[in-house]
Amino acid sequence: SGVMDGKHKQNGSLDTPEHRQISRRTAAESLVLLKNENKLLPLDLTKIRSIAVVGPNADKARIGGGGSAQVTPFYSVSPLE
């Protein structure tokens, strides 16, 4: 990319609707369903009255970690959202 040799030009765009669409599609397509007992999934929203989101991280997006995971995202979505 030329970053280390000084030839990299900073141009282009960040956090565009297209970027968000690609990120969302990539995340959705990367999910792996390990087990679907009784064909529970996908959820039938016409039959659901409530869903419990439990735990200390339910209302906070825990997206940090080590290495490149320390990059601050443009936005995040919590499990509750």
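Contact here means heavy atoms within 4.5 Å, and, leaving aside neighbours within four places in sequence, S78 is in contact with A58, D59, K60 and A61. The structure is a predicted model, in which local features need pLDDT of at least 70 and side-chain atom pairs count only at pLDDT 80 or more, while totals for chains, interfaces and linings use all residues. Residues are numbered from 1 along each chain as its sequence is written, and side-chain values use heavy atoms, with hydrogens and water left out.

**Burial of S78**
- S78 has a relative accessible area of 6% and is therefore buried (buried is under 20%, exposed over 50%, partly exposed in between, with a 1.4 Å probe and protein chains only).

**Backbone geometry**
- Most residues other than glycine have a negative phi, and most peptide bonds are trans.
- N38 has a positive phi near 60°, and this residue counts as exposed at 77% relative accessibility.
- K39, also not a glycine, has a positive phi of about 50°, and K39 counts as exposed because its relative accessibility is 74%.
- The peptide bond that joins L41 and P42 is cis, with omega about 0°.

**Lining of the pockets**
- A pocket is an open set of points on a 1 Å grid over the protein atoms alone, where a 1.4 Å probe fits, with protein on both sides within 12 Å along at least five of seven lines; lining residues have an atom within 4 Å of a point.
- The largest pocket is lined by 13 residues, and S23, P73, F74, Y75 and S76 lie nearest its centre.
- The second largest pocket is lined by S23, R24, A27, A28 and L31.
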